[in-house]
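Student: Let's go through this one together. Can you take my questions one at a time?

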Amino acid sequence: MKIYNTLTGKKEDFQPIKKGAVGIYNCGPTVYDMAHIGNLRTSVMYDMVRRVFEYEGYAVTQVMNITDVDDKTIKRSREEKKSLQEVTRHYEDLFLADLHSLNILIPHKVLRATDHIKEMIDMTAALLEKGIAYPTADGIYFSIGMFPGYGKLANIKLDAEVRERVAKDEYEKENPRDFALWKFTEKGDEVAWDSPFGKGRPGWSIECSAMAMKALGETVDIHTGGSDLLFPHHTNEIAQSEAVTGKKFVNYWMHGAFMNVNDEKMAKSKGNFLKLADIVKADISPLAFRYWLLTSHYHSPVNFSFEAVKAGQNAFIRLIEAFIDFSTVPAIHDDHHHHAHLESVDYKVEFNNVINDDFNMPEAVALVWKLIKDPAVEPMDKSAMLMDFDKVLGLGLAGILAMAKSETLSEPIAPEIIALAEAREEARKNKEWEKADALRKELEERGYEVKDVEGEYRLKKK
Ligand code: AMP
Ligand code: ZN
């Protein structure tokens, strides 16, 4: 398997620390607001990495953090006049619901920063002891001048002049600089923990070092994030982890490219800060959004526009239609069938090749279309292969098929209706009642009544 490693700037052969196993750490969300669709692009990338390794037979341990204490979460809790925990758990729930809607598998371990304060204190204490961290009036800082490899990941040059400025504390905000491991709090601050160095709370980057090493060991196979995290977050993670252990922190660093909206960076001030609910409102199913995301390589920046995603949804609907056709025609048993079976082996090999080539999902999707259109392959075999490939793509084909099979005998139901019903079922499972109701209305407007029977739903034409 080949992975583009940001640390070396090269596509490399993946060598796991332990044969047949892989530990993956994902930088997760800061839960002070709902996730936007850019965050969700990165979440789909994390899911894709996990699914490919599982498909290849690895024992995967996927770990993701939830940043539930930092300046933004604390500010939000003050604004809302709620406790930090009340605010962060609320947005954590909403984030996990988005993952469900997008058919993203929940990481094996989802770790909250506030459950690992002790580990962060221990790391900070170890760095103080080694003389790599130092106290100031407002906290404990990591001295980047004491860590020779600082900035390697982000290709930041730390020349003699910069070291000098760092030492004298005369650098600009954008420059590499010493960073806080622990921030002292003021009297009356509610969010604070006792520590040997004084009451306070952790700096931002220490949580990922502490949790990654606790869950996956001192050296981690793969660490992922969006490209914005290269510097300073991941740069600082490497410095503080390696300064403590003396070992390489991460073997493969993977970074996903950003998503823009109508060619602009997403920002609340620009009014283009879109959430999953906003695109569902525009009649785009979460699974169609996922399909559209898979048509770009994770290294390429993508530009979201409703037109582009709607075009993706149309293709997705055609894919579902073809898949349902292949899956519901009676099997033909003759020589021709045997012949077609040989053909199908090639697709499986080709599929493996593209997913193992640095997770080339656009090629995987292209291959799916090639298979769909291939007259030499039996429908039944097409159906089986699509189901198999969907373990990686995660487009929910099994669920769609189950729906179609129970209903098509008397009257076929259009795939977009099924997609809506699936989205409603998902929302219901996640207790997003408002969303579920809106989707029920949408179905009714399209002439379908939805009933919940014994934990399953049934569609009936009105
Ligand atoms: P945050 O909640 O800001 O900590 O971000 C959670 C994850 O989303 C991180 O891995 C970020 O790198 C990623 N991310 C933030 N903005 C975008 C964007 N516009 N496109 C893609 N990923 C993003
Ligand atoms: Zn992180």
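This is a predicted model: local features need pLDDT of at least 70, side-chain atom pairs count only at pLDDT 80 or more; totals for chains, interfaces and linings use all residues.

Student: Which residues coordinate the zinc ion (ligand 2)?

Tutor: Donors are N, O and S atoms within 2.8 Å of the metal (3.2 Å for Na, K and Ca); water is not among the atoms, so sites may look incomplete. The donor spacing in sequence reads C-x180-C-x24-H. At 2.0 to 2.2 Å, the ligands are Cys 27 (SG), Cys 208 (SG) and His 233 (NE2).

Student: How many residues apart in sequence are the parts tied together by Cys 208 and His 233?

Tutor: Helices (H or I, at least four residues) and strands (E, at least two) are DSSP runs, numbered from the N terminus. Cys 208 sits in helix 6 (residues 206-216) and His 233 in helix 7 (residues 230-245), so the parts this pair ties together are apart in sequence by 25 residues.

Student: Which side chains make polar contacts with the side chain of His 255?

Tutor: His 255 belongs to strand 11 (residues 250-256), and its 7% relative accessibility is why it counts as buried. A polar contact is a pair of N or O atoms within 3.5 Å; within protein, one must be able to donate a hydrogen and the other to accept it, and residues adjacent in sequence count only if both atoms are side-chain atoms. One partner, at 2.8 Å, is Thr 6; another, also at 2.8 Å, is His 234.

Student: What is the side-chain polar contact partner of Lys 348?

Tutor: Lys 348 is in helix 11 (residues 335-356) and is partly exposed, at 34% relative accessible area. Contact means heavy atoms within 4.5 Å, and Lys 348 touches Tyr 55, Asp 388 and Phe 389, leaving out residues up to four places away in sequence. The side-chain polar contact, at 2.7 Å, is with Asp 388.

How values were computed. Residues are numbered from 1 along each chain as its sequence is written. Chains are lettered from A and ligands numbered from 1 in the order in which they are written. Side-chain values use heavy atoms; hydrogens and water are left out. Buried means under 20% relative accessible area, exposed over 50%, partly exposed in between (1.4 Å probe, protein chains only).
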